[in-house]
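Please read them with the structure open beside you.

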Amino acid sequence: MAVPAVLPTAQGAHVKLDVVQEFVAASADASSMADLRALVADACSELGFDYFPIDHHIRFGRPTHDKVRLTNYPADWIAVLRQEEGVSDPVLRAAERTSSGFTWSQVDRLVRVTEKDRQRFRRAAAHGLVQGFTVPNHVPGETFGSCHFVVNGENDLPKESLPAAQALGAFAFEAARQMLQSQAEPSERYLAPVPLTDRQRDCVMFAARGKSDSVIAQLLDIRPR
């Protein structure tokens, strides 16, 4: 079982947990996914993190009306995730193997990390997602889920905030899950607008010129699918 490498002082822990308490109180009054997203972003920042995603472990493009997918990830990284549909994510695999939070540097203790996995970590770092702390969210009988707190290359992972992040991850995921159940409001609509990749733009341009899928595939040397 993964545990935080550094525990905070009693005073530091109290201050960090105050952030979680404030989030819990405020999230009870949140009326939309947009409100909840803003609350998570604020709490995330106060704990010393730059980004967060909260999601069920499903692929982009699949129906999400009853699945959590809420994040403030950079739009260019979301575009990469959509483009790499079906690519195995070592962090998500690790999250399905434990019930407690773990840092991304501990992933290789939970699952076998391949060279493709290391390449994925490097691509994420190139988009500003350098270090992270993941909180698994497992509800019996439902799809696996997780909440991730991430820092960019300019900041160190705030180890003193990890216990509070563990609590925030649990409360934030459940708040989003309950909101979906009560409002049936797709959470994916609150993802940042995603720009087209160069390849996607080429496909659109050829389609606008009346080219069929099979012809576009031949021109771009890709599969029609």
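1. The tally is 8 helices and 5 strands. Do keep in mind that this is a predicted model.

2. A word on the chain as a whole. Of its 225 residues, 44% are buried. If you take the contacts between residues at least 6 apart in sequence, 66% of them link residues at least 24 apart.

3. Which residues have the most contacts inside the largest nonpolar core? They are Leu36, Phe49, Ile54 and Phe149, in a core of 31 residues. Two or more residues come from each of helix H1 (10-27), helix H2 (33-46), strand S4 (131-137), strand S5 (145-151) and helix H6 (162-183). Helix H6 is the biggest giver, with 10 residues. As general background, nonpolar side chains in soluble globular proteins tend to be buried together.

4. Trp77 brings us to helix H3, which spans residues 75-83. Its buried residues include Trp77, Ile78, Ala79, Val80 and Leu81. What do the buried residues of H3 pack against? Their partners are strand S2 (69-71) and helix H5 (115-126).

5. Two residues of helix H6 are worth a look side by side. Ala175 sits in H6, and its relative accessibility is 19%, so it counts as buried, the cut-off being under 20%. Not counting residues up to four places away in sequence, Ala175 touches Ser27 and Leu36.

6. Is Pro163 buried, exposed or partly exposed? Its relative accessible area is 30%, which means that it is partly exposed. Pro163 and Gly101 are 62 residues apart along the chain, and their C-alpha atoms are separated by 8.5 Å.

7. Now to the packing of helix H7 (residues 198-208) and helix H8 (residues 213-220): the angle is about 135 degrees and the axes are 10 Å apart.

8. Which residues meet where H7 and H8 come together? From H7 there are Arg199, Asp202, Cys203, Phe206 and Ala207, and from H8 there are Ile216, Leu219 and Leu220. By type, this contact of H7 with H8 has 6 nonpolar residues, no polar ones and 2 charged ones.

9. Lastly, please check Asp221, in the segment after H8. Its phi is near 60 degrees, which is a positive value in a residue other than glycine. Asp221 has 71% relative accessibility and therefore counts as exposed.

Technical notes. Residues are numbered from 1 along each chain as its sequence is written. This is a predicted model: local features need pLDDT of at least 70, side-chain atom pairs count only at pLDDT 80 or more; totals for chains, interfaces and linings use all residues. Side-chain values use heavy atoms; hydrogens and water are left out. A nonpolar core is a set of buried Ala, Val, Leu, Ile, Met, Phe, Trp, Tyr and Cys residues joined through side-chain atoms within 4.5 Å. Buried means under 20% relative accessible area, exposed over 50%, partly exposed in between (1.4 Å probe, protein chains only). Helices (H or I, at least four residues) and strands (E, at least two) are DSSP runs, numbered from the N terminus. Axes are lines fitted to C-alpha atoms, for helices over the stretch in contact, and angles run from 0 to 180 degrees between N-to-C directions. Contact means heavy atoms within 4.5 Å. Ala, Val, Leu, Ile, Met, Phe, Trp, Tyr, Cys and Pro count as nonpolar, Asp, Glu, Lys and Arg as charged, and the others, Gly among them, as polar.
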